[in-house]
Amino acid sequence: MTERDTKKKWLTLALTQEIHLDTVVLANFELYSSSVRRFQVLGSQMYPCQQWALLGEFEGNDTNAEQVFHLPQPLYVRFLKMRFLTHHGNEHYWSLSPV
């Protein structure tokens, strides 16, 4: 959980091996928190890197169910960065359950 008004919201995931990423699934199962609206998915084969490849920008629904997002240009990646640009609701916190 993160405070809703935090300016930069992002996370970086390190996978155990390189994968061909074509789909991202997000969910927010917290009842009293805002959920993600607009977000970006970026990828890289190494970390740290000079520049992340933008894999897609998506808009989620205001729901507590899992949401599936298909990447327009799948890519082999080992590291993922997710930037959360906007959110639904006005709860004090926003959260992300599984990624």
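# Reading burial, contacts and cavities

Biologist: What is the relative accessibility of R38, and how does that residue count?

Modeller: R38 has 31% relative accessibility, so it counts as partly exposed. Buried means under 20% relative accessible area, exposed means over 50%, and partly exposed lies in between (1.4 Å probe, protein chains only). This is a predicted model, in which local features need pLDDT of at least 70 and side-chain atom pairs need pLDDT 80 or more, while totals for chains, interfaces and linings use all residues. Residues are numbered from 1 along each chain as its sequence is written, and side-chain values use heavy atoms, with hydrogens and water left out.

Biologist: How many salt bridges does a search of the whole structure find?

Modeller: Side chains of opposite charge can pair when their charged atoms come close. The rule here asks for a side-chain nitrogen of Lys or Arg within 4 Å of a carboxyl oxygen of Asp or Glu. The whole structure gives 2 salt bridges.

Biologist: How far apart are the closest N and O atoms of R38 and E57?

Modeller: They are 2.2 Å apart, in a salt bridge. R38 sits in strand β3 and E57 in strand β4, 19 residues apart, so the pair links distant parts of the chain. Strands are DSSP runs of E, at least two residues long, numbered from the N terminus. E57 counts as partly exposed because its relative accessibility is 40%.

Biologist: Which residue does R37 meet in a salt bridge?

Modeller: R37 meets E59, with N to O at 3.6 Å. This pair also links distant parts of the chain: E59 is in strand β4, R37 is in the loop between β2 and β3, and 22 residues separate them. R37 counts as partly exposed, at 34% relative accessibility.

Biologist: Which residues touch the most other members in the largest nonpolar core?

Modeller: A nonpolar core is a set of buried Ala, Val, Leu, Ile, Met, Phe, Trp, Tyr and Cys residues, joined through side-chain atoms within 4.5 Å. The largest one here has 15 residues, and L21, V24, F39, V41, L55 and M82 touch the most other members. At least two core residues come from each of β2 (9-26), β3 (38-44), β4 (53-59) and β5 (67-84). The largest share, 6 residues, is from β5.

Biologist: What does F39 touch, beyond residues up to four places away in sequence?

Modeller: Contact means heavy atoms within 4.5 Å. F39 touches L26, G56, E57, F58, F69, M82, R83, F84 and L85.

Biologist: How many cavities of 30 Å³ or more are there?

Modeller: Rolling a probe the size of a water molecule over the atoms shows where empty space is left. On a 1 Å grid over the protein atoms alone, a cavity is a set of points where a 1.4 Å probe fits but cannot get out; lining residues have an atom within 4 Å of a point. Points are joined across faces, edges and corners, and a volume is the space filled by probe spheres set on them. The count is 1. The largest cavity has a volume of about 80 Å³. Its lining includes L26, V36, F39, F69 and S35.

Biologist: Where does S35 lie, and is S35 buried or exposed?

Modeller: S35 is in the loop between β2 and β3. At 5% relative accessibility, S35 counts as buried. Its side chain makes a polar contact with the side chain of D62, at 3.2 Å. A polar contact is a pair of N or O atoms within 3.5 Å; within protein, one must be able to donate a hydrogen and the other to accept it, and residues adjacent in sequence count only if both atoms are side-chain atoms. Leaving aside neighbours within four places in sequence, S35 is in contact with N28, N61, D62, T63, H87 and H88.

Biologist: What lies 3.1 Å from a polar atom of the S34 side chain?

Modeller: The backbone oxygen of H88 does. S34 is in the loop between β2 and β3, and counts as buried at 1% relative accessibility.

Biologist: Is H70 buried or exposed?

Modeller: H70 counts as exposed, at 56% relative accessibility. H70 is in strand β5. Its side chain makes a polar contact with the side chain of T23, at 3.3 Å. Beyond neighbours within four places in sequence, H70 is in contact with D22, T23 and F58.

Biologist: Which peptide bond is cis?

Modeller: Most residues other than glycine have a negative phi, and most peptide bonds are trans. The bond from Y47 to P48 is cis, with omega near 0 degrees. P48 is in the loop between β3 and β4.

Technical notes: Helix = DSSP H or I, 4+ residues; strand = E, 2+ residues; numbered from the N terminus. 1 Å grid on protein atoms, 1.4 Å probe; cavity = no way out; pocket = protein on both sides within 12 Å on 5 of 7 lines; lining within 4 Å.
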